[in-house]
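Me: I would like to learn how to read helix packing, cores and backbone angles from a model. Please take the features in turn.

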Amino acid sequence: MIPKTHPRYESLLLRDKVKNALKEGYLADSGMIAHGRGEAFDYLIGEKTTETAKKACEAAVATIYLAKNPVLSVNGNTTALAIDEIIELAKATNSKIEINLFYRTPERVEIITKMFKERGWEKILGGNDEELAYIDNLNSPRATASEEGSYTADVMLVPLEDGDRAEILVQNGKKIIAIDLNPVSRTAKMSTITIVDNIVRAVPLMTKIANEFKESGKAYDKEFLEKIVNNFSNEENLKDSLAAIELK
Ligand code: PTJ
């Protein structure tokens, strides 16, 4: 039990989630390493959402609203840290959710599928029962793709990925939104929009923006959405994200 008064309470809580996910059998053991790397970058940006990340979130939501078939891709770490938040975002933006694992095993897929179903999200794509297609030129289990999901998606959210998929998906004509605390990662550089923020803050912020756009009618204003997307430069945004890292 972590005392709420601990100065690193939030961070320790996330560590607990990741540790439990490993014990429950759905987090890849490398997921612990990935989490540690994320923690270090989060520390450097002050463990808060920067204005730069907020801009990227707005561009991401606008891109999703303009999409025909948006898909939110989930792996072990994303499930451990943000399963409820991902479901909320999918509901707010009418997106599909698909399991995609680098270290894919039927057991991990089964546990993650069950977790989504227990939360009322029945139609989880990329599961064991589905006949999956394969993305060309991708030589890892990440190549698995649901026909109605990532195979035909025009926009995909890919949080916390290693660097092999984003580039290929972009080459396949998809718009890729990454959530990655490391602004110099391969995924960050290769994606269409990179949100340099912790997934636990970025996804709820995206949902908040999505709901605000809906309430104000902007979600249905194509011109407004296109303007946000066209004004966004991932290269510039990554430069600003890097500048937000302060070594004091
Ligand atoms: O569940 P699987 O089998 O698909 O495996 C998933 C992992 C995460 C193990 C796999 O994709 C991997 O090895 O990823 P990497 O190469 O370690 O990259 C993960 C990236 O996510 C790194 O750049 C981290 O800085 C970043 N990251 C880690 N935690 C967070 C994060 N970004 C946002 N929020 C976080 N909480």
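Me: At what angle do the axes of helix H3 and helix H10 cross?

Reply: This is a predicted model, in which local features need pLDDT of at least 70 and side-chain atom pairs count only at pLDDT 80 or more, while totals for chains, interfaces and linings use all residues. Residues are numbered from 1 along each chain as its sequence is written, and side-chain values use heavy atoms, with hydrogens and water left out. Helices (H or I, at least four residues) and strands (E, at least two) are DSSP runs, numbered from the N terminus. Axes are lines fitted to C-alpha atoms, for helices over the stretch in contact, and angles run from 0 to 180 degrees between N-to-C directions. Here the axes of H3 (residues 51-66) and H10 (residues 234-243) cross at roughly 150° and come within 9 Å.

Me: How are H3 and H10 oriented to each other, roughly parallel or roughly antiparallel?

Reply: Angles under 35 degrees count as roughly parallel, over 145 as roughly antiparallel, 65 to 115 as roughly perpendicular and the rest as oblique. H3 and H10 are therefore roughly antiparallel.

Me: Which residues of H3 and H10 meet?

Reply: Contact means heavy atoms within 4.5 Å. On the H3 side they are Thr 52, Lys 55 and Ala 56, and on the H10 side Asn 237, Asp 240 and Ser 241. By class, this contact has one nonpolar, three polar and two charged residues. In that scheme Ala, Val, Leu, Ile, Met, Phe, Trp, Tyr, Cys and Pro count as nonpolar, Asp, Glu, Lys and Arg as charged, and the others, Gly among them, as polar.

Me: How do H1 and H2 pack?

Reply: Helix H1 (residues 9-24) packs against H2 at an angle of about 165°, with the axes 9 Å apart. That makes H1 roughly antiparallel to H2. Residues making the contact include Leu 14, Arg 15 and Val 18 of H1 and Met 32 and His 35 of H2. The contact of H1 with H2 has four nonpolar, two polar and four charged residues.

Me: Is His 35 buried or exposed?

Reply: Buried means under 20% relative accessible area, exposed over 50%, partly exposed in between (1.4 Å probe, protein chains only). His 35, in helix H2, is buried, with a relative accessible area of 11%. Leaving out residues up to four places away in sequence, His 35 touches Leu 14, Arg 15, Val 18, Asn 77 and Leu 81.

Me: Which residues of the largest nonpolar core touch the most other members?

Reply: A nonpolar core is a set of buried Ala, Val, Leu, Ile, Met, Phe, Trp, Tyr and Cys residues joined through side-chain atoms within 4.5 Å. Of the 53 residues in the largest one, they are Ile 86, Ile 97, Phe 116, Ile 195 and Met 206. Beyond its neighbours within four places in sequence, Ile 97 has contacts that include Leu 72, Phe 116 and Trp 121. A second, separate core has 13 residues, among them Ala 143 and Val 158.

Me: What is the phi of Glu 47, and what is that of Asn 137?

Reply: Most residues other than glycine have a negative phi. Phi of Glu 47 is near 50°, a positive value, and that of Asn 137 is near 65°, also positive. Glu 47 is in the loop between helix H2 (29-44) and H3, and counts as partly exposed at 31% relative accessibility. Asn 137 is in the loop between strand E4 (133-134) and strand E5 (144-145), and is exposed, with a relative accessible area of 64%.
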